Amino acid sequence: NQNGWFYEAWYKNNWKKRNHTLIKIQKISKRVIYQSKFCKSASKKLNNYISKNSSIIYNPALIKPKSKPKKALNKKNKFKIIVTGIFGVESRHILIPILKSIDYLDKRKLSSFVFKLEIYGVIKKDMKVSNWFSEYKKLYEKLYKKGLVFYKGRYDHRNLYSVLKDVNLAIHAKYKDPCPNAVIEKLQFGIPHIYSKSGGTPELIGDSGLPIVVRDVWNKMIEIDYKNLSKKIVKISSNYKTYNLNAIKQGKKFNFFDYISRHKKIFKELI
C-alpha cells in the first residue's frame, strides 16, 4: 500500500535512495495499491516507474458521526473554521498564510458573519526553534487577543465528534498531501474545504470545497495566497448549504466496508 513519496522539499536527505527502496519492494509485490491517483502519477514523475499490477483505493473514514451535520447557515450563526495537523519546521507554508488570511478578513471587514479559527494538533519542537516561529507567534497572539484564533492542542478519534460537530469549514493548506485522512474524516461530518490544489487532496474533496491554485514544483513547499483564501472563505459562507450538502455526499464515498470489500477481492485474486 503506497502512500506518498520522498522528494526534495519534504525530505532533505537522500530522497532518491529512499524511493529506490520503495520501488524495490513494489517490484517484488503481486499488487500495489496507491492511495490516490496522485500517488501513482508522482511515482512516474519522481522515479520513472509505475507498477504494472496496481489499484487505486482511497483510505476510508473510520468514524460514524453521532448526528447529522448542519445543513444551513445564516448570518447570525458563528462560523467556525478549523485546521488540523502535526506542525513542524516545514509547516510555515500551512500556518502563516492561514493566520494572515484571518487577519485580512478582520482588517478589511470582508465577512458579514462572526468567525473564528481553531487550530488542532501537535506543534513539534523543531517548529518552536524554526526561523519563522517568532512570525507565527506574533500573528497568533495578535489574533488570539481579538478572539479570532485559538490553539486547542492534540485530539484523537475518541473525541473527534466533539471537535468536529459544530465546525463549518476546514482549511487544508498542506502542499502535495498524498491522501490526507484529516480531509476524509471532516468530509464525513459534512464539512466543506478550502484547499491547496496539489497532491491527492483535490481528488478527495471534489465539488465540496474551493481550491487555491499553486505552482507544481518538487524542490520547495508552495503556500496558498492568503488574500485568495480570505475571499474563498466569504464565498463558501455565502453559499454554505450547497457546499455542505456536497460534502455530506462526498464523505459517503469513503466507506470503511467498501474498503474492506475491495481488499478481500484483491486477496482472493492473488492467493
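**View 1. Contact of helices α3 and α9 in the predicted model.** Pro-97, Ile-98, Lys-100, Ser-101, Tyr-104 and Leu-105 of α3 meet Tyr-226, Lys-227, Leu-229, Ser-230, Ile-233 and Val-234 of α9, where contact means heavy atoms within 4.5 Å. By class, this contact of α3 with α9 holds 8 nonpolar, 2 polar and 2 charged residues; Ala, Val, Leu, Ile, Met, Phe, Trp, Tyr, Cys and Pro count as nonpolar, Asp, Glu, Lys and Arg as charged, and the others, Gly among them, as polar. The axes of α3 and α9 come within 8 Å and cross at roughly 60 degrees, and α3 and α9 are therefore oblique to each other (angles under 35 degrees count as roughly parallel, over 145 as roughly antiparallel, 65 to 115 as roughly perpendicular and the rest as oblique). Axes are lines fitted to C-alpha atoms, for helices over the stretch in contact, with angles running from 0 to 180 degrees between N-to-C directions. The crossing of α3 and α9 is right-handed; a crossing has this hand if the near helix is turned clockwise from the far one by less than a right angle, and is left-handed if anticlockwise. This is a predicted model, in which local features need pLDDT of at least 70 and side-chain atom pairs count only at pLDDT 80 or more, whereas totals for chains, interfaces and linings use all residues. Residues are numbered from 1 along each chain as its sequence is written, and side-chain values use heavy atoms, with hydrogens and water left out.

View 2. In the order β5-β4-β3-β6-β7-β8, 6 strands form an open sheet with parallel pairing; helices (H or I, at least four residues) and strands (E, at least two) are DSSP runs numbered from the N terminus, and two strands pair if DSSP finds at least two bridges between them. The edge strands, each pairing on one side only, are β5 (149-153) and β8 (209-213). Strand β7 (residues 193-197) is joined to β8 by 5 bridges, and Ile-194 has Leu-210 in β8 as its bridge partner. Helix α3 (residues 92-108) lies across β3, β4, β5 and β6, running at about 165 degrees to β4, while helix α9 (residues 226-238) lies across β3, β6, β7 and β8, running at about 165 degrees to β8.

View 3. The side chains of Lys-80 and Glu-118 meet in a salt bridge at 3.7 Å, N to O, the term requiring a side-chain nitrogen of Lys or Arg within 4 Å of a carboxyl oxygen of Asp or Glu. Lys-80 lies in β3 and Glu-118 in β4, so the pair ties together parts that are 38 residues apart in sequence.

**View 4. Packing of helices α1 and α2.** Helix α1 (residues 15-27) packs against helix α2 (residues 37-47) at an angle of about 125 degrees, with their axes 11 Å apart. The crossing of α1 and α2 is left-handed.
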